[in-house]
Amino acid sequence: MLESLAFGGLVLLRDSVEWEGRGLLKALVKKSALGGEQVHVLGCEVSEEEFREGFEPDVNSRLVYHDLFRDPLNWSNTGEAQPGGPLGTLRALCRTDSGSVTIAVDSLSWLLLHLPCTELCQMLHVLSRGNSCPGVSAPVRQVCVLGLLHEELHGPGPLGALSSLAQTEVTMDGKMGHTSVHILYRRPQQRPVYQTHWFSILPDFSLDLQEGPVESQQQPSSSVPLVDPTTHLTFNLHLSKKEREAKDNLTLPFQFSSEKQQALLRSGPGQSTSQIFYEPDVYDDLDQEDPDDDLDV
């Protein structure tokens, strides 16, 4: 799984509060360092000591740590910080010698809070494509940018912009205490490929691939007889033949049959015809003219 993630370009590691992704980021950094690549770490959220903790000495010796955690804006004026702040540090990474390089950004969420989204996306595009920045003559031959992103902190705009730049998207997830990743691969002239892996991260930041958890479902035992829900009802759900015939011959009160129609139209003996007498009131407005005379009908 680690080999497929370190293919190149921008690898977006999307984590959440429940499922953190820094452990997977450090596992990818370890894999790149042991593979002989030059690894640059842009540390923004944790100290250098905390990030290096757990790595073996041969891994730590290959890490070039750019500390933005201790003094990101160079307020102490010690001369250790890169001029230009975080953006200047990203530009300095473009001057890396040609070769296979891995750049780990911990994290993109911190950079989004301190840099405009457009400038950050432009710089990530330059780094992930292996192009040289303006004023730099030596481009990087192959670059893999590992960017940790806390997706719950951002809206759909920044998330969509970073997603469009990524060649690989890794979303941290899990179930029943087991960690999983949903990976979306975007390769040139190929269809997107989706994969899901279950794993656990060992103390030395190696991955232990596992099978997904199987949810236990209680199956009904064959020895237990099934209960008929219609057994102890106080009413009958079925009709006999006689009951069905009686039901069909019954005339319901709201049905307007021909017998009812004849009974209403036939005047019985002793019934007088009703009449309506109207006597105009004094204040009634009686208009003798035709009210529709002007309509020419």
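**Figure 1. Overview of the predicted chain.** Of the 297 residues in the chain, 36% are buried (under 20% relative accessible area, with exposed meaning over 50% and partly exposed in between; 1.4 Å probe, protein chains only). The model is predicted, so local features need pLDDT of at least 70 and side-chain atom pairs count only at pLDDT 80 or more, while totals for chains, interfaces and linings use all residues. Residues are numbered from 1 along each chain as its sequence is written, and side-chain values use heavy atoms, with hydrogens and water left out. The chain holds ten helices and nine strands (DSSP runs numbered from the N terminus: H or I of at least four residues for helices, E of at least two for strands). Among contacts (heavy atoms within 4.5 Å) between residues at least 6 apart in sequence, 65% join residues at least 24 apart.

**Figure 2. The open sheet.** Nine strands are arranged in the order β3-β2-β4-β5-β1-β6-β7-β8-β9, with mixed pairing; two strands pair if DSSP finds at least two bridges between them. At the edges lie β3 (63-67) and β9 (207-210), each of which pairs on one side only. On average, neighbouring strands of this sheet are turned by 25 degrees against each other, direction ignored. Strands β7 (residues 178-185) and β8 (residues 193-201) run antiparallel and are joined by seven bridges. Leucine 184 has tyrosine 194 in β8 as its bridge partner.

**Figure 3. Helices packed on the sheet.** Helix α2 (residues 22-34) touches β1 (9-15), β2 (38-43), β3, β4 (100-106), β5 (142-150), β6 (168-175), β7, β8 and β9, and its direction makes about 160 degrees with that of β4. Such angles run from 0 to 180 degrees between N-to-C directions, and axes are lines fitted to C-alpha atoms, for helices over the stretch in contact. Helix α5 (residues 85-93) also packs on the sheet, where it touches β2, β3 and β4; the direction of α5 makes about 175 degrees with that of β2.

**Figure 4. Surroundings of helix α5.** Because eight of its nine residues are buried, α5 is largely enclosed by the rest of the structure. The buried residues are Gly85, Pro86, Leu87, Gly88, Thr89, Leu90, Ala92 and Leu93. They pack against β2, β3, β4, α6 and α7.

**Figure 5. The contact of α5 with α7.** The axes of α5 and helix α7 (residues 117-129) come within 10 Å and cross at roughly 15 degrees. The two helices are therefore roughly parallel (angles under 35 degrees; over 145 is roughly antiparallel, 65 to 115 roughly perpendicular and the rest oblique). Leu87, Leu90, Arg91 and Leu93 of α5 meet Glu119, Leu120, Met123 and Leu127 of α7. By class, this contact has six nonpolar, no polar and two charged residues; Ala, Val, Leu, Ile, Met, Phe, Trp, Tyr, Cys and Pro count as nonpolar, Asp, Glu, Lys and Arg as charged, and the others, Gly among them, as polar.

Figure 6. Serine 109 lies in helix α6 (residues 108-114) and is buried, with a relative accessible area of 1%. Residues up to four places away in sequence not counted, serine 109 touches Glu45, Leu148, Leu149, His150, Leu153 and His154. Serine 164 belongs to helix α8 (residues 156-165) and counts as exposed at 57% relative accessibility. Serine 164 and cysteine 121 are 43 residues apart in sequence, and their C-alpha atoms are 9.8 Å apart in space.
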